[in-house]
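Have the structure open as you read.

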Amino acid sequence: MKIAIVIPAYNEEAAIGAVVQHLQQVAAQLSLDLTPVVVNDCSQDRTAEIARTLPCVLLDLPVNLGIGGAVQTGMMYAYQQGYDVAIQMDGDGQHPASELPQLLAPLRTDAADVIIGSRFIAGEGFQSSMLRRTGISWFRHLIRALTGTDIKDTTSGFRAYNRQAQRLLCAYYPDEYPEPEALVYLLRKGCRIAEVPVQMRERQGGVSSIRSLKTVYYMGKVTLAILFTYLRKD
Amino acid sequence: MARIQLISLLFSLFFLGFIARLVLRRRLREEYAFVWIAFSMAMLFFAVWRDSLEYLARLAGIFYAPSLLFLVLIVAILALCVHLSVAASRSRDQVKHLVQRMALMQVSSGPDMPQNKG
């Protein structure tokens with residue numbers, strides 16, 4: 001199984017080196033065919049320069065696209081290059097590479113098309129702030145009401161996609177706060193989604209791009225987007 | 001229900017439907033649709049509850065209630081125009097940057113000219 005690890009990075013000079021190196025170690029330990037694909041989203045710091053010295057593929061975006069555009073670029077690369085699995089991982093160290101086997105297991109048996117690494121099944125490790133959890137809970141109930149599928153960690157960026165899912169993401173992936181909406185899109189297009197428990201860490205460096213003040217606006221925006229995506233017939 | 005209320009109600013519903021159709025066909029991005037949807041909802045609200053318009057107008061010190069509607073609409077359009085101008089400016093900058101990048105990637109040097117570095 002050829003595996004691409006898509007790592008969107010915006011101003012992650014502090015953590016990116018450790019993330020890629022940790023991936024290398026895990027790949028060696030578990031004999032996995034892993035290729036880290038760092039997508040530099042036009043960072044203002046030294047993320048790109050550092051990435052060039054690391055054992056990874058670097059997609060250097062000339063213009064900042066945001067998390068949606070960056071991840072989609074990585075998916076396009078993985079799909080075009082024939083990778084069997086594309087796994088999205090954050091560039092800040094929140095998603096430990098040691099949890100990769102959890103994500104890969106259901107894909108080996110073709111049990112699902114999309115695997116989500118969920119913080120909230122086992123309830124261990126870093127559980128995120130109260131505000132964020134309220135938002136995540138809202139989307140969980142909204143998605144369940146619309147699609148019948150119960151996904152506990154709707155905003156997790158720690159996901160694995162097989163080729164069918166990659167192809168769909170190449171066609172459409174929301175630009176802002178894409179995670180919950182993408183789930184509705186994939187479900188509407190017939191993907192099977194499974195969740196596995198993983199433990200996440202707190203950010204290892206840099207600053208989060210989501211602040212509590214924007215949360216209400218974000219929830220309204222994404223809810224609206226989810227409704228449109230659900231209704232779309234194309 | 002007064003005639004103008006009925007007209008406003010129908011127009012609001014039609015407008016909402018029109019915007020929704022554009023978004024569903026991917027002709028309009030949700031982020032830009034947001035303002036129009038909010039506006040349609042506000043119009044719908046005032047069309048149905050005319051009294052709320054009177055109440056808010058008095059609160060704002062406006063004598064002729066429908067003027068409040070015009071005021072709100074004008075402010076919303078102004079805000080939208082500024083937002084669009086900002087978005088257009090950003091797009092223009094990005095396109096320029098991309099065009100330049102592409103040209104620099106495809107440099108062809110004529111005879112006796114210094115060869116570019118890959």
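A salt bridge here is a side-chain nitrogen of Lys or Arg within 4 Å of a carboxyl oxygen of Asp or Glu. By that rule, 2 salt bridges cross the interface of chain B and chain A. In one of them the side chains of Glu30(B) and Arg232(A) meet, at 3.6 Å from N to O. Please keep in mind that this is a predicted model, in which local features need pLDDT of at least 70 and side-chain atom pairs count only at pLDDT 80 or more, while totals for chains, interfaces and linings use all residues. Residues are numbered from 1 along each chain as its sequence is written, chains are lettered from A in the order in which they are written, and side-chain values use heavy atoms, without hydrogens and water.

The contact (heavy atoms within 4.5 Å) takes 14 residues from chain B and 15 residues from chain A. Together the chains bury about 1,400 Å², 60% of it on carbon and sulfur atoms; this is accessible area (1.4 Å probe) lost on being put together, summed over both. Leu24(B), Arg26(B) and Glu30(B) supply 42% of the area that chain B buries against chain A, more than any other three residues.

Now look at H1(B), residues 3-24, a helix in the DSSP sense (a run of H or I, at least four residues, numbered from the N terminus). Gln5(B), Leu9(B) and Phe15(B) are among its buried residues (under 20% relative accessible area, 1.4 Å probe, protein chains only; exposed is over 50%). Exposed Arg3(B), Leu10(B) and Phe14(B) sit on the face turned away.

Terms used
Helix = DSSP H or I, 4+ residues; strand = E, 2+ residues; numbered from the N terminus. Expected span 1.5 Å × (residues − 1). Buried area = accessible area lost by both parts, 1.4 Å probe.
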